[in-house]
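Please look over the model below before reading the points that follow.

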Amino acid sequence: MKHNKKMTVVILLILAAIGFGVCIASSPHLQHAESIKETMRDAVLHESGKISLFGIKDVNPALISAFYVTGTLLLAAAMIRIFVIPRFKLIPGRFQILLEKLVDFFDGLAKSNSPHKNGFLTVYIFSAGIYIFASTLFELFGLQATTVLGHSIALPAPLSDINAAIAMGCQSYLVILSGGIAANKLRGVASTLKEFSLPISMSFRLFGALLSGLLVTELVYYTMYLSFVLPVIVAVLFTLLHALIQTYVLTMLTSVFYGEVTEPHRKKEKKHKKAVLNRA
């Protein structure tokens, strides 16, 4: 038994030494590969990594990722609604507990930050939060696609594209604006338009946070002596961290600003109080 363990250790050491030697031997080839500057530039602009969309138009790979994530979430939602929710029990199982905890979390977030007109807000931050979390974790699957130049690439997270991040930020801003209109009419519009920089800050915060994880992983991969085990740990940790943080940050900001614009106007409350006192 001890002899087998020793042989296993020796074989693993030999394989590690061979792999390290191959990497060192191929280092001149790596130096002539794509530079880290080009890698980072392409991660942001996708100039050389576009994918053909059914032969109609060349698009950023993040759009293909968004189709995958959206389709998967819609299919999962339909399956849960048809097969899971009708079978809910008084004594819940693990999956039922998970669903109830998620709904309770977003419902409590909406009610605590927006006591007024929070019905639609709960639905939106739940949907947005699940989408951000799922789309951030998507890059861990490493699904491959072929670019128009014939290169194979791993599909990135949808929100690592600046266009997707801007769309999410603007959509959240429009939800806030609609809440202000529903609650306070033109005053709600005025209070929402005061925060004109909100969609920009939300978009670039989301884009920068998700892109930073991708760039850090690329830097680790680019350094040969760190590209054995560390990239796996870095990718998983950064992805999970960003998924949790960005889901919470965007849903929290949306619910807070939504609560501010839907709060009843103080002047109306004062006039109402004066009228009650006069009647008394």
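**Notes on the predicted model**

1. The model is predicted, and a search of the whole structure gives one cavity of 30 Å³ or more. The space inside the largest cavity is about 40 Å³.

2. Cavity lining. Which residues line the largest cavity? They are M202, R205, L206, Q246, V249, L250 and L253. Helices α8 and α9 each contribute at least two residues to this lining, and the largest share, four residues, belongs to α9. By type, the lining of the largest cavity splits into five nonpolar residues, one polar and one charged.

3. Second largest pocket. This pocket holds about 900 Å³ of space. It is lined by 25 residues, and those closest to its centre are L73, A76, A77, I80 and I130. Helices α4, α5 and α6 each give at least two residues to the lining of the second largest pocket; nine residues, the largest share, come from α4. The lining of this pocket comprises 22 nonpolar residues and three polar ones, with no charged residue.

4. Overall layout. The chain contains ten helices and four strands. Along the sequence, their order is α-α-α-β-β-α-α-α-β-β-α-α-α-α. Of the 280 residues in the chain, 31% are buried. Among contacts with a separation of 6 or more, 68% join residues 24 or more positions apart.

5. Nonpolar core. The largest nonpolar core is made up of 31 residues, and I125, M168 and L250 have the most contacts inside it. At least two residues of this core come from each of β1 (51-53), α4 (61-84), α5 (94-113), α6 (119-137), α7 (162-193), α8 (198-222) and α9 (230-261). Helix α6 supplies the largest share of the core, six residues. As a general remark, nonpolar side chains tend to be buried together in soluble globular proteins.

6. M168. What does M168 contact once its neighbours within four places in sequence are left aside? The partners are Y124, A128, Y131, I132, L159, L206 and L250.

7. T251. This residue is placed in helix α9. Is T251 buried or exposed? T251 counts as buried because its relative accessibility is 1%, and the cut-off for buried is under 20%. Leaving aside neighbours within four places in sequence, T251 is in contact with F106, L109, I125 and G129.

8. Salt bridge. How many salt bridges does the model contain? The count comes to one. It joins the side chains of K111 and D107, at 3.2 Å from N to O. Both K111 and D107 lie in helix α5, four residues apart, which is about one turn of the helix. K111 counts as partly exposed because its relative accessibility is 46%. D107 is likewise partly exposed, at 23% relative accessibility. In general, side chains of opposite charge can pair when their charged atoms come close.

9. Positive phi at K117. Phi of K117 is near 55°, a positive value in a residue other than glycine. Where is K117 found? K117 sits in the loop between α5 and α6.

10. Positive phi at K185. K185 is not a glycine either, yet its phi is positive, at about 55°. K185 lies in helix α7. K185 counts as exposed because its relative accessible area is 57%, and the cut-off for exposed is over 50%. A reader checking backbone geometry may wish to view K117 and K185 together.

Note on methods:
Residues are numbered from 1 along each chain as its sequence is written. This is a predicted model: local features need pLDDT of at least 70, side-chain atom pairs count only at pLDDT 80 or more; totals for chains, interfaces and linings use all residues. Side-chain values use heavy atoms; hydrogens and water are left out. A nonpolar core is a set of buried Ala, Val, Leu, Ile, Met, Phe, Trp, Tyr and Cys residues joined through side-chain atoms within 4.5 Å. Buried means under 20% relative accessible area, exposed over 50%, partly exposed in between (1.4 Å probe, protein chains only). Contact means heavy atoms within 4.5 Å. A salt bridge is a side-chain nitrogen of Lys or Arg within 4 Å of a carboxyl oxygen of Asp or Glu. On a 1 Å grid over the protein atoms alone, a cavity is a set of points where a 1.4 Å probe fits but cannot get out, and a pocket is an open set with protein on both sides within 12 Å along at least five of seven lines; lining residues have an atom within 4 Å of a point. Grid points are joined across faces, edges and corners, and a volume is the space filled by probe spheres set on the points. Ala, Val, Leu, Ile, Met, Phe, Trp, Tyr, Cys and Pro count as nonpolar, Asp, Glu, Lys and Arg as charged, and the others, Gly among them, as polar.
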